[in-house]
Amino acid sequence: MRALGGLIFGVVAGVVLVLLAGRSERGRVILARTDHSVQGFVDGVIEGFRQPGRS
């Protein structure tokens with residue numbers, strides 16, 4: 001039950017931080033960089049699963 005509470009708190013806190021950061025120009029730039037980095041990471045993971053012969 002504690003883990004579920006922690007997860008819910010983390011999600012809510014993350015959403016609030018993103019909403020607050022989007023209000024300023026600097027915050028929007030940081031969000032765009034973070035979004036770009038996360039997308040690159042996810043794309044790399046997906047490519048790793050698509051090429052099973054690579055090690």
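**Surface patch and salt bridges**

In this predicted model, a nonpolar patch on the surface is formed by Met 1, Leu 4, Leu 7, Ile 8, Val 11, Val 12, Val 15, Val 16, Leu 19 and Leu 20, which together have about 1,000 Å² of accessible area. One of these residues, Leu 19, lies in helix α1, which covers residues 2-21. The relative accessible area of Leu 19 is 60%, and because exposed residues are those over 50%, Leu 19 is classed as exposed.

Charged side chains were examined next. Side chains of opposite charge can pair when their charged atoms come close. Across the whole structure, the search identifies 2 salt bridges.

Glu 25 counts as exposed, at 52% relative accessibility, whereas Arg 28, with a relative accessible area of 40%, is partly exposed.

A salt bridge is also formed between Arg 50 and Glu 47, for which the distance between the closest N and O atoms is 3.2 Å. These residues, Arg 50 and Glu 47, are likewise placed 3 residues apart in helix α2, and about one helical turn therefore separates them. Arg 50 has a relative accessibility of 60% and counts as exposed, while Glu 47, at 34% relative accessibility, is partly exposed.

How values were computed. Residues numbered from 1 in each chain as written. Predicted model: local features only at pLDDT ≥ 70, side-chain atom pairs only at ≥ 80, totals over all residues. Heavy atoms only, no water. Salt bridge = Lys/Arg side-chain N within 4 Å of Asp/Glu carboxyl O. Buried < 20%, exposed > 50% of the residue type's maximum accessible area, 1.4 Å probe, protein only. Helix = DSSP H or I, 4+ residues; strand = E, 2+ residues; numbered from the N terminus. Patch = residues over 30% accessible without salt bridge, like charges linked within 9 Å, V, L, I, M, F, W, Y side chains within 5 Å. Areas by Shrake-Rupley, 256 points an atom, 1.4 Å probe, with all protein chains shown as cover.
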